[in-house]
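Dear colleague,

Please find below the structure that I am handing over to you.

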Amino acid sequence: MALDKINQTNDIKKLDKEELKQLPQEIRQFLIQSLSETGGHLASNLGAVELTMALHLAFELPKDKIIWDVGHQSYTHKLLTGRKKDFGALRQYKGLSGFPKTSESDCDCFNTGHSSTSISAGLGLAAAREIRGESHKIISVIGDGALTGGMAFEALNNASKLKTNFIIVLNDNDMSISPNVGGMSQYLGSIRTADAYQGLKSGVMESLNKIPVYGERIVKRIRKTKSGIKQLLIPGMLFEDMGILYLGPVDGHDIDKMVAMFQKAARFNGPVLVHVLTQKGRGYEPAVRHPARFHGTAPFYIDTGLVKSKKLKADYTDIFSTVMRKLGDRDSRVVVITAAMETGTGLKRFHNMFPERFFDVGIAEGHAVTFAAGLAAGGQKPVFAVYSSFLQRAYDQVLHDVCMQNLHVVFAIDRAGLVGSDGETHQGVFDISYLMSMPNMTLMAPKNKWELSDMIKFAIDFNGPIAVRYPRGEAYDGLERFRAPIVCGKSEILYPKGEVALLAYGSMVKTAEGVRKRLQKRGIECALINMRFAKPLDTQMLKRAAGRHKLVVTMEENVKAGGMGEAVRSYLEEIGAGAMVMNVAFADAFVPHGSVQILKQTLGLDEEGIAASVEEMYRNKKDEEGI
C-alpha cells in the first residue's frame, strides 16, 4: 500500500505516479475505518484529501508553512507528516489532537480551532518572513464557510500591502458545518457556474461587429468601459479589486492541476488566492448525503453510517430546541439567531416552523450579537444560540452593543463547561468570568432539564441582557421534585442542614449531589444549594450560609479566575463573614482534549476528587478549632 510508505514528512514525494493515483483512496479508507472507531471530523477531511496531497507535493515542509483555518480538515496533513500510528488515540486524553498542534509536529506551524483566523496568521508569518529576509512560502488554507467571518475580510483587506509571495487557498465545498448563507456564498456560487469571460467576450464582440453602421461604435464604447464588464463577468474580481491575484477555480480532486496552479501561484510577488472546488464527504456516500451530520461524528457503523451508541435520553440542546419551538408559537416577537450552527444549537425545528423569524448569519459571531441588539432595539425578543467558546469571539459586541444599552437579548450558551475531545480551543470554561464583569448582564444556569425549560421561559420574559448556560450531553433528570419558581437573583435550597454548604452552579449541582452522598458516608453532613444565578448573587442566602455553616464550598464548571466562586468569596470577605470559603473550579490553565470523565478525574473535579478536597479542608478546620 502506498500509505504504508509514508512514515515521515515529504515521503509522499518518493511515490511513483501509480502510487499517487491510489493514495487518495487509501487515505479515505483509512480515515473512514479509523474515525468509525474513534469519532472525529470526517466529511471535511474526506473532501480535502487531494488538496492536501497537492500542497505537500508542491511545497517543501516544514520549511514552507501551511496554516489550516479551523483545522478540522487537517487529518490528511497529519497522515502525510508521519502521524498515522497515532490515529488510534485521536482526540483522546494525551492522544493525537483533532486540530493542528505545534507541539505535535514542526509541520504544524500555528495552532487553530476557531474559524476565519488563517489569513491573519499567515499574513503575520509572511510579514515576519519579509523582516527577516527569508524566502520560504506561506500558505493559508481557508474554507468558504470561514470566509463569511469578518476577520477573514479584515485580513484580505490588509494583504494587498504585502510585496512578497503569500498564497491563500480557498477550499470551496459550498458548506461550513451547516450549508453556507449570505452574499459571499452566492458570489462563490456564481464563480462555480460562470461562463469563461474570454469566450463570452468573443461571442459578444463578434455579434456586435455584424450590426451595420452602429456595431463598431458599440464595440468602441464597450472597450472604454471594459473594466465595468470585467466586474460583472470575470470570476474573482472581488479579490482582484482588493489587490489579490485570483487563480481558478480549479478542480480540488485533480492533483496535477492543483500542483501546477500552486507552483504558478508561488512565482507571484504579492498575495494570490487559489480557488479550489472540493466535495465535502467525498468517497463515503453517507457523508456526501449528510455532510453536516458527518462534520463531527461519534463512532459509527461503516456500512450504514449510523452511530454506534444510540442516544437514550434527550440532551440539553434537545430540551432547548423543544422549548424554543413552543415559545415561537406563543410569542410572535421571539426570533432566533445562529452563527452557522443551526443543527448544533438545536434551532432546526424553529427554522422549519418560523422561517421568517430564523436568521443564520454565517460564521460571524460578532455580527450576530450586534444584529441581535438591533432586533431588540426594534422591539423583537432575539435569542442568540451559540457555543460557549464561540461567544468569546463577540466579547466587545456583548459588552458595548448589548449590555451598555441594556437591551433585551437572550444568550443561549450551549456547550458551557467541558466539551471533551475537541480540546482547549472548544472547552467552554470562560463564559462565566467574562460575562460576570459586564454591567446589566444577568447569568443563569440550570441544574436539570426541567430547570433549563423554566429558565429559557424566564429569560424570554425578562427585560435586559440575560444568558443561560448549559452543558453538552445528556440532560440531567434527577432532583425532579425540586422545582421552585424562578426568581431573579434567588437561589434554591435543596438540602438545608450541615456544617458544610455546597453552593453549586448549573451542571455542578449534579456533581454536588454525589459529593454530598460521599461525605455523608464519611460522617460529614452537607447542605446543598442550587445557585441558579451567578449574577446577581443571592446575597441574603450567602449571609445565612456564612452564619450557619463552617465551610462554604462553591462549585462551577468554569475557570476560577473571575468566576462565580470568586464573587462569593469577595462578597463574604466584604461583609466580614467568618466562614471559610473553598472555590472548586478550573485552575489558570487551558484544558486539553480527552473525555469529560477523564478530564474531571485528572483535574480533581469529579465527585471523589471534590469530596476528598472538601473533607481535607473540613478536617483541618475542625483540628484548628480544637487547638
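Please bear in mind that this is a predicted model.

The lining of the largest cavity comprises eight nonpolar residues, no polar residues and two charged residues. The residues concerned are Ile413, Asp431, Ile432, Leu435, Leu443, Met444, Ala467, Val468, Arg469 and Tyr505. Two or more of these lining residues are contributed by each of helix α19 (431-436) and strands β10 (442-444) and β11 (466-469). The space in this largest cavity amounts to about 40 Å³, and the structure holds five cavities of 30 Å³ or more.

Turning to the open sites, the second largest pocket has a volume of about 270 Å³. Its lining is made up of Lys17, Leu20, Lys21, Pro24, Glu50, Leu57, His253, Ile255, Asp256 and Val259. Helices α1 (17-38), α3 and α12 (255-266) each supply two or more of these residues, and the largest share, four residues, comes from α1. Sorted by class, this lining has five nonpolar residues, one polar residue and four charged residues.

Helix α3, which contributes to that pocket, spans residues 49-58 and also contains Thr52. Thr52 has a relative accessible area of 0% and is therefore classed as buried, since the cut-off is under 20%. A polar atom of the Thr52 side chain lies 2.6 Å from the backbone oxygen of Ala48. Beyond its neighbours within four places in sequence, Thr52 makes contact with Trp68, Thr76, His77 and Leu80.

The other residue that I wish to bring to your attention is Asp69, which sits in the loop between strand β1 (65-68) and helix α4 (75-80). Is Asp69 buried or exposed? With a relative accessible area of 2%, Asp69 is buried. The side chain of Asp69 is joined to that of Ser118 by a polar contact of 2.7 Å. When residues up to four places away in sequence are not counted, Asp69 touches His114, Ser115, Ser116, Thr117, Ser118, Val141, Ile142 and Ala146. As for Leu35, which lies 34 residues from Asp69 along the chain, the C-alpha atoms of the two residues are separated by 21 Å.

With kind regards

Key: Residues are numbered from 1 along each chain as its sequence is written. This is a predicted model: local features need pLDDT of at least 70, side-chain atom pairs count only at pLDDT 80 or more; totals for chains, interfaces and linings use all residues. Side-chain values use heavy atoms; hydrogens and water are left out. On a 1 Å grid over the protein atoms alone, a cavity is a set of points where a 1.4 Å probe fits but cannot get out, and a pocket is an open set with protein on both sides within 12 Å along at least five of seven lines; lining residues have an atom within 4 Å of a point. Grid points are joined across faces, edges and corners, and a volume is the space filled by probe spheres set on the points. Ala, Val, Leu, Ile, Met, Phe, Trp, Tyr, Cys and Pro count as nonpolar, Asp, Glu, Lys and Arg as charged, and the others, Gly among them, as polar. Buried means under 20% relative accessible area, exposed over 50%, partly exposed in between (1.4 Å probe, protein chains only). Contact means heavy atoms within 4.5 Å. A polar contact is a pair of N or O atoms within 3.5 Å; within protein, one must be able to donate a hydrogen and the other to accept it, and residues adjacent in sequence count only if both atoms are side-chain atoms.
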